[in-house]
2 protein chains.
Amino acid sequence: MAMNDNLNVVVFVGGVGGAKLALGLQAVVPPENLTVVVNTGDDFWHYGLRICPDIDTVLYTLSGRVNREFGWGVADDSTVTLDALKTLDENPWFLLGDKDIATHLVRTSRLRAGESLTGIVRRLAQAMGIEATILPMTDAEVPTMVTTEEHGTLEFQEYFVKHRWQPTVTELTYQNMENAEMTEAVATALSNADMVLIGPSNPLLSIAPILAVPGMREALMARDIPRVAVTPIVEGDALKGPAAKLMRELGYEVSPQAVADFYGDVITGFVSDVRDTALKPHGYDVVSFDTIMKSDADKSRLAGEILRWVTKRKEKTL
Amino acid sequence: MAMNDNLNVVVFVGGVGGAKLALGLQAVVPPENLTVVVNTGDDFWHYGLRICPDIDTVLYTLSGRVNREFGWGVADDSTVTLDALKTLDENPWFLLGDKDIATHLVRTSRLRAGESLTGIVRRLAQAMGIEATILPMTDAEVPTMVTTEEHGTLEFQEYFVKHRWQPTVTELTYQNMENAEMTEAVATALSNADMVLIGPSNPLLSIAPILAVPGMREALMARDIPRVAVTPIVEGDALKGPAAKLMRELGYEVSPQAVADFYGDVITGFVSDVRDTALKPHGYDVVSFDTIMKSDADKSRLAGEILRWVTKRKEKTL
């Protein structure tokens, strides 16, 4: 089988880090063969708008609209509405760009009209010219709740943005998950997948919610295909965001080994960074690449390296 | 009694025309004595936002924020969100300015949180520095539905903005009105009123919905105080909007006489325009002023003339 041709790739991601890998994959996988399954545990209601930060980061990144300085939000956006909110004695602690608000308005109005989040994301992706498939992990509202020492239990964005992930976390819960269902779109993507990748996203905040969707773990394990995670931890720290701090607070070692072990039998392979020492694999294969993605070239290179490695292993076992 | 001092003035208004008179009244009546009761039959949901066009026109006019060219919307507003909506293959037929959206976000989120429209408008008015009282006619959703020959039954803004009030109207209905209640704030304002004015607003689209709120007409008629309407029809036409066309389509003569007769025993006085010939009053007094309000001076002048006339008549009857 020629590299990447007709290989269906499903990748699980959260926000910025995962979106970067997805952009790399978009450069090396035909769009009809690429499905990005996105965490929705961060989604929340704010000023009456339904906001899906991770989905939007993926939409904006794959469509080339993203603010490259931040890694999220729309490039060259303004904040006229946000500034006007402040003149109305409001305290809008979440950044709402004017262009970004258009995305929230489309999503909110269509949700209110009864459309599924899956259908809405499909519509937004099409409107933005994205040919790959982007799927929310579920259509249900499953807010990740963060219990902290200082402020009690917070909605994720309150913890992450309002309190800048500074409180000490004692517990994470994925609320309403027992009532969530895996969507048909995700089930079909997994059935047709030739490999599943797990992006270099926060294992506890981005990937664990996806794996917690009822049926998701079973659907993954039922497939005899490569399932490969990419480390979000390099040289004992997270490249971005609270992954390291959070792992420490919840009693994990901050290392690629701890991430790989956290995924356990969900994965058959693990990509660590060349900067780190070798892992002791427990039932999964390990490879090291340069996982730091600064330029678009870095992203395609890493995506290509992972695909080649997975494909070669797959051929060996055939 | 000295002119205007301690006289409580309540004025019923719709959008632009009524807001102009309210601005004139604000210039000559102490704010603690002025209550503006606003039509909410035009309110609608659009892109998940609760939009109250008449209330916003009054808020923006009384706070000096209004776009003076249009008579509605916020001055110097931009349309970044609206333009972004168009790039998402949307057809946003209602003008959403970026500053204006902030007002809609505050209202929508607070409604979703269970606050009353009355409380939200009070909050917005305070934030905008308005000292007079602005009250929605009711807290219930009572959409005015417009039955047309060409397009069947439309929500008001669809008729008014999307179809630019061009369809032929065969019927107006004030939906859900049987479930609406007069608010305590409106009831108190009417109890304390020394006069009630009806602005030069569309009688059928702006004032009739206010009068249709259960209990409103009775509360008005129960008060032995001057109740004076200002003509929206001058020289056989409306100064703005569909009043003349609509009156014609619904079988009314397009004249100040027809407007006064439409209000009937709700009013004790009627202000027609100096450009028109004298009315034949049926149980109400009539006076003629220059009712065309272009400058702010025009607005205060007309407001002052009306108040002086009403006060003089009141004194005569004492």
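Contact here means heavy atoms within 4.5 Å. The views below come from a predicted model, in which local features need pLDDT of at least 70 and side-chain atom pairs count only at pLDDT 80 or more, while totals for chains, interfaces and linings use all residues. Residues are numbered from 1 along each chain as its sequence is written, chains are lettered from A in the order in which they are written, and side-chain values use heavy atoms, with hydrogens and water left out.

**View 1. Chain B meets chain A.** Chain B brings 29 residues to the contact, and chain A brings 29 residues. Together they bury about 2300 Å², with 68% of it on carbon and sulfur atoms; buried area is the accessible area (1.4 Å probe) that two parts lose on being put together, summed over both. Look for Y47(B), L88(B) and L105(B): they supply 24% of the area that chain B buries against chain A, more than any other three residues.

**View 2. Salt bridges between the chains.** The interface of chain B and chain A holds two salt bridges (a side-chain nitrogen of Lys or Arg within 4 Å of a carboxyl oxygen of Asp or Glu). In one, R110(B) pairs with E90(A), the closest N and O atoms being 3.3 Å apart. In another, E90(B) pairs with R110(A), with the closest N and O atoms 3.2 Å apart. E90(B) sits in the loop between α3 and α4 of chain B and R110(A) in helix α4 (residues 98–112) of chain A, so this pair joins two chains. Helices are DSSP runs (H or I, at least four residues), numbered from the N terminus.

**View 3. Helices α1 and α2 of chain B.** Helix α1 (residues 16–28) and helix α2 (residues 53–62) of chain B have axes that come within 9 Å and cross at roughly 35°; axes are lines fitted to C-alpha atoms over the stretch in contact, and angles run from 0 to 180 degrees between N-to-C directions. From α1(B), the contact uses V16(B), A19(B), A22(B), L23(B) and Q26(B), and from α2(B) it uses T57(B), V58(B), T61(B) and L62(B).
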